[in-house]
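Dear colleague,

Please find the structure below, together with its sequence. My notes on it follow directly after.

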Amino acid sequence: MGTYVIGDVQGCHDSLLALVQKIGFRPRRDRLWFVGDIVNRGPKSLDTLRAIRGLGEAATVVLGNHDLYLLMVAAGWGKRGKDDTIQPILDAPDVDQLLDWLASRPLMHVEGRFAMVHAGLLAQWTIPRARELAAEVESVLQGPSRQAFLADLAGNTPAKWSDKLKGQNRLRCIVNAMTRMRFCSPEGLMEFKHKGPPSNAPEGAMPWFSVPRRQHEGYTILAGHWSALGLCIEPGFVGLDTGCLWGGKLTAYRLEDGEVFQVNAAEATK
């Protein structure tokens, strides 16, 4: 059995098929983990969403910011991006089933000493604590308050976590850390404007996985979201967004032995 963690697909359906073929995926024995952002901006978001949903128990998916964007737009909230590619999903006859399935995905997945999340984790969160916080968001997203939650999800504040946060501010802060964060200060102040490589960190900030005294040490965090970072494998962290959407590669990382599999972009939007 093999467990393959796949970076941001973002609607690059043909690239995903090529990668699955390259790793020799066997649905009855192997598992595919997706770090989020399975849809949007790529040319075949609908095909990608249907394909991953169709994998059933063989696929584990955590939500990324583009997946949440789809849910927000479908609910009537959020400003449409000029380069989004979600309209075929919204027009599909099975749109309700697809969206309900997507909304039922977790924000974070923990198994053994591995923790998968789309963007990152704040340094003060232990893995059990982060999983508890993710569950707070999941219970709202999967419950009757989904519409109200999505209506007020967009925004960069609060940019620093506190256990005293309540209501929508608390939920938004959790979501932003887990699906949007790249840089933050050693004190945990998140910065959302910069998307470049770590060498271009804004003053007073650093990559979230470089913050000292992280409380989740002892686990390997599997994430995507940061195409300018590229493939990054270091103790305690594996970054898997290798920019397939922009003509780069789609990457899979096998948990059992750390082997990396890649395919060149079969489709790209530039």
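How many residues does the largest nonpolar core have, and which residues have the most contacts inside it? That core has 82 residues, and Phe 34 and Met 178 are those with the most contacts within it. Here a nonpolar core is a set of buried Ala, Val, Leu, Ile, Met, Phe, Trp, Tyr and Cys residues joined through side-chain atoms within 4.5 Å. Buried stands for under 20% relative accessible area, exposed for over 50%, and partly exposed for values in between, with a 1.4 Å probe and protein chains only. Another core lies apart from it and has ten residues, including Trp 33, Met 116, Leu 222 and Leu 240.

Please note that this is a predicted model, in which local features need pLDDT of at least 70 and side-chain atom pairs count only at pLDDT 80 or more, while totals for chains, interfaces and linings use all residues. Residues are numbered from 1 along each chain as its sequence is written, and side-chain values use heavy atoms, with hydrogens and water left out.

Leaving aside residues up to four places away in sequence, Met 178 is in contact (heavy atoms within 4.5 Å) with residues including Met 108, Val 117, Trp 125, Ala 130 and Ala 134. Met 108 and Val 117 are also bridge partners, the latter in β5.

Strands β4 and β5 (residues 114-117) run antiparallel and are joined by four bridges. Helices (H or I, at least four residues) and strands (E, at least two) are DSSP runs, numbered from the N terminus.

Helix α6 (residues 127-141) also holds both Arg 129 and Glu 132, three residues apart, about one turn of the helix. Their side chains meet in a salt bridge of 3.2 Å, N to O, a term for a side-chain nitrogen of Lys or Arg within 4 Å of a carboxyl oxygen of Asp or Glu. Salt bridges link Arg 129, Glu 132 and Asp 163 in a network. The whole structure contains 14 salt bridges. One of them joins Asp 14 and Lys 44 at 3.2 Å, N to O; Asp 14 belongs to helix α1 (residues 13-23) and Lys 44 to the loop between β2 (31-34) and α2 (45-53), 30 residues apart. In the salt bridge of Arg 254 with Glu 259, the closest N and O atoms are 2.6 Å apart; Arg 254 is buried at 17% relative accessibility, whereas Glu 259 is partly exposed at 38%.

Finally, there are seven aromatic pairs. Rings of Phe, Tyr and Trp (its six-membered ring) pair if their centres lie within 6.5 Å; planes under 30 degrees apart count as stacked, over 60 as edge-to-face and the rest as tilted. Tyr 4 and Phe 261 have ring centres 5.7 Å apart and planes at 70°, so this pair is edge-to-face. Tyr 4 sits in strand β1 (residues 3-6) and Phe 261 in strand β13 (residues 260-264), 257 residues apart. Phe 183, Trp 208, Phe 209, Trp 226 and Phe 237 form one aromatic cluster.

With kind regards

Note on methods. Two strands pair if DSSP finds at least two bridges between them.
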